[in-house]
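Here's a friendly walk through one protein model. Have a look at it before reading on.

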Amino acid sequence: MAFIAPSLLSANFLDLQSDCNMLNKSEADWFHLDVMDGRFVPNISFGPMLIDFFRKATTKTCDVHLMIEEPEKYAEAFKKAGADILTVHIEACTHLHRNIQQIKQLGMQAGVALNPHTSVSLLKDVLKDIDVVCLMSVNPGFGGQSFIPQTLQKIQELKKMIVALGATTKIEIDGGVTLENAPSIIAAGADVLVAGNTVFKSANPTATIAALKAL
Ligand code: DX5
Ligand code: ZN
């Protein structure tokens, strides 16, 4: 049974309280919060101020996905805002080991995200230090895109690396997850499913979360 992490990027920003209440009562495990800077990705979303509001609206794990350049400049601000998991992109980190250490020293779980073109083999020497690997199954920046099938092979490859190391790192899949493709994503070895449009654009988001959870 996978963890379900609805992405609030697809929520109704004029009524976030209702969407938070819905998620709180649902079987969702984590709140997935997408931070975009308009530099690392061609879109701008929100920053620590909104994370602070989400933190106060839930006791569930706040899983903050930073799609930003120079994440080390903002790690402390996201800790103060209430992030439990802070995920940085490997493509934005020249000194990834240092970024991971910083996140852990601040008292958060460390996540590392990989764009679709980035090989999981690059994680070999840091995998034991990472709590969550977020494999992007779309090019980051927008919700509602189609799942890139090659991701399934990346999941299998990464799972093998984690098992070989005896690590407890979770594999999170982000982008284009649907009720139709989720079974094969879980079968490949995913531990956490992010779902934006699949949850928030469905007729009954609570039931959709329950259906994902039941897979
Ligand atoms: C994309 C974000 C995702 C996005 C997922 O850059 O990182 O978390 O919100 O949305 P869906 O599930 O609609 O692809
Ligand atoms: Zn995300």
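Which residues does Thr151 touch, not counting residues up to four places away in sequence?

## Around Thr151

Leaving out residues up to four places away in sequence, Thr151 touches Leu135, Met136, Ser137 and Ile173. Keep in mind that this is a predicted model. Thr151 is found in helix H5, which covers residues 151-165. With a relative accessible area of 3%, Thr151 falls under the 20% cut-off, so it counts as buried.

## The nonpolar cores

The largest nonpolar core holds 62 residues, and Leu123 and Leu158 touch the most other members. If you skip residues up to four places away in sequence, Leu158 touches Val120, Leu123, Leu127, Val133, Leu135 and Ile171. Another core, of 6 residues, lies apart from it, and its members include Ile85, Val132, Val192 and Val194.

## Charged pairs

Side chains of opposite charge can pair when their charged atoms come close. Here the count comes to 8 salt bridges. One of them joins Glu70 and Arg39, at 3.9 Å from N to O. Glu70 sits in the loop between strand S3 and helix H3, and Arg39 in the loop between strand S2 and helix H2, so the pair ties together parts that are 31 residues apart in sequence.

Glu70 also pairs with Lys73, with the closest N and O atoms 3.3 Å apart, and Arg39, Glu70 and Lys73 are linked in a network. Glu70 is partly exposed at 33%, while Arg39 is exposed at 57% and Lys73 is exposed at 55%.

Lys80 and Glu76 form another salt bridge, at 3.8 Å. Both lie in helix H3, 4 residues apart, or about one turn of the helix.

Notes. Residues are numbered from 1 along each chain as its sequence is written. Chains are lettered from A and ligands numbered from 1 in the order in which they are written. This is a predicted model: local features need pLDDT of at least 70, side-chain atom pairs count only at pLDDT 80 or more; totals for chains, interfaces and linings use all residues. Side-chain values use heavy atoms; hydrogens and water are left out. A nonpolar core is a set of buried Ala, Val, Leu, Ile, Met, Phe, Trp, Tyr and Cys residues joined through side-chain atoms within 4.5 Å. Buried means under 20% relative accessible area, exposed over 50%, partly exposed in between (1.4 Å probe, protein chains only). Contact means heavy atoms within 4.5 Å. Helices (H or I, at least four residues) and strands (E, at least two) are DSSP runs, numbered from the N terminus. A salt bridge is a side-chain nitrogen of Lys or Arg within 4 Å of a carboxyl oxygen of Asp or Glu.
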